[in-house]
Amino acid sequence: MLPLSMPKDSIGIFLVTINQHHAVISRYQPFESGDHHQKERGLPMSYLSPAEIDVLFAAQKAFFASRATYDIPYRKHALERLKGAIIDNRELLYAALAADLGKTREVVDLAEIGEVLHEVDFALAHLDEWATPQSVPTPDLIAPSECYVVQEPYGVTYIIGPFNYPVNLTLTPLVGAIVGGNTCIVKPSETTPETSAVIEKIISETFAPEYITVVQGGRVENSHLLSLPFDFIFFTGSPNVGKVVMKAAAEHLTPVVLELGGKCPLIVLPDADLDLVVSQVMFGKFINSGQTCIAPDYLYVHSSIKEALLAKLVEQVKQALPDLDSTGKLITAQQVIRLQAILAQSQGHVLVGGLADAEKRLFSATIVDQVQWDDALMADELFGPILPVLTFDSVDTAVELVNRYHPKPLAVYVFTANKEIAIPIINHIQSGDAQVNGVMLHAFSPYLPFGGIGASGMGEYHGHYSFLAFTHKKSVRIVG
């Protein structure tokens, strides 16, 4: 299989590398990467040796040099092929995401498959416009000449996918790599083995490995991949691993986009619509068992309405999420144990929830009141279905404490009937993104850049911003 419509005069340079790659990906190796999650579930995965990964990397370098990916119709055809493969494998994705994370079909349609397909359609509709060179004025100093800016592909790119939304947050960046005219090596999360296997199936049946391919694995494979001189790296995950990625990229001066996380506050003012707050907390905090980077990590509520709000919220949790498995599955038993330990150290008062089953990877929807800033629940991002509740009396003090204890979150949410009050609050809390009277859905708009600041990340993507992320602005001046 040639990479889509590969030029015939470029075929020769791939004969050896393609044959080598197809030979190595046809076999399965036992689990050897040092990560325990797949071994626990007893699933075989295809792991490549460092030498085999090097063959892949060299093949992609050679293919990019052929300039086939520069062609706009080529990129569009790749997007159409990707969309068709996702749709064809929809049922497999439903089953895999249910097994890995306990996701319902409705959640998968909204936040996994649907979001990727929406990005593909948006890119197909706008790629011609994005790829058109942008003419700029010529100052007198360099006149007469013609000046314009083109978006040039980086080259061979590397996408490291996370476990929490393994389809969306792996394949949406891939849409950016494709529209930008790059080749790409994709490493899905080793902790979602069922979904990662379907992602590999989708990509391997759609693209030739010298164009787009999947490398499965854990720390060992990722470490070797990060040692290679990629032209661009896109990582979604924790700040700690983000530092590892950035350090490795620095060895080759490779540009990166880091989509990280942090403790996102949900601030409720006295005039807020409490029913709206409850509905948004139920959606934002407990979907995917709290494993969402832009989920509200803690509820910060004005003392005058706290009791009324918590009464409504606790009642809604009891009605809508009564069972241990109501929010889905956590990614590993270790994560359940981690949350149990943090909750045990907390000085707060559990209003509802607190139950867990580590073996089944379940943790009930939990609300904890009377939490202080130095509480164990406020040390790090929880990434689970536990909602600490803090109280404030002064808006100015609330803003100051957010900035002091957990600065530059990925998102900040403010609920109030008065937008004139809300806007200064979100302006005084540096964050990746912000919403007033809503949570999380800003990440579904291809018209808005999505990304963090400081410890919550760097760079942004979605829609046109994905095209910009995966390309270099090249200035051109033509005289005569």
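Me: What should I keep in mind about the numbering and the model?
Reply: Residues are numbered from 1 along each chain as its sequence is written, and side-chain values use heavy atoms, with hydrogens and water left out. The model is predicted, and local features need pLDDT of at least 70, side-chain atom pairs count only at pLDDT 80 or more, and totals for chains, interfaces and linings use all residues.

Me: At what angle do α5 and α6 pack?
Reply: Helix α5 (residues 90-101) and helix α6 (residues 105-131) pack at about 125 degrees, with axes 10 Å apart; helices are DSSP runs of H or I, at least four residues, numbered from the N terminus, and axes are lines fitted to C-alpha atoms over the stretch in contact, with angles from 0 to 180 degrees between N-to-C directions.

Me: Which residues of α5 meet α6?
Reply: R90, E91, L93, Y94 and L97 do, against R105, V108, D109, E112, I113 and L117 in α6, where contact means heavy atoms within 4.5 Å.

Me: Switching to the sheet, what is the strand order?
Reply: The open sheet of seven strands runs β10-β13-β14-β9-β8-β15-β16 with mixed pairing; strands are DSSP runs of E, at least two residues, and two strands pair if DSSP finds at least two bridges between them. The edge strands are β10 (349-352) and β16 (433-436).

Me: Are β15 and β16 parallel or antiparallel?
Reply: β15 (residues 411-415) and β16 pair in the parallel sense over four bridges, and A411 has D433 in β16 as its bridge partner.
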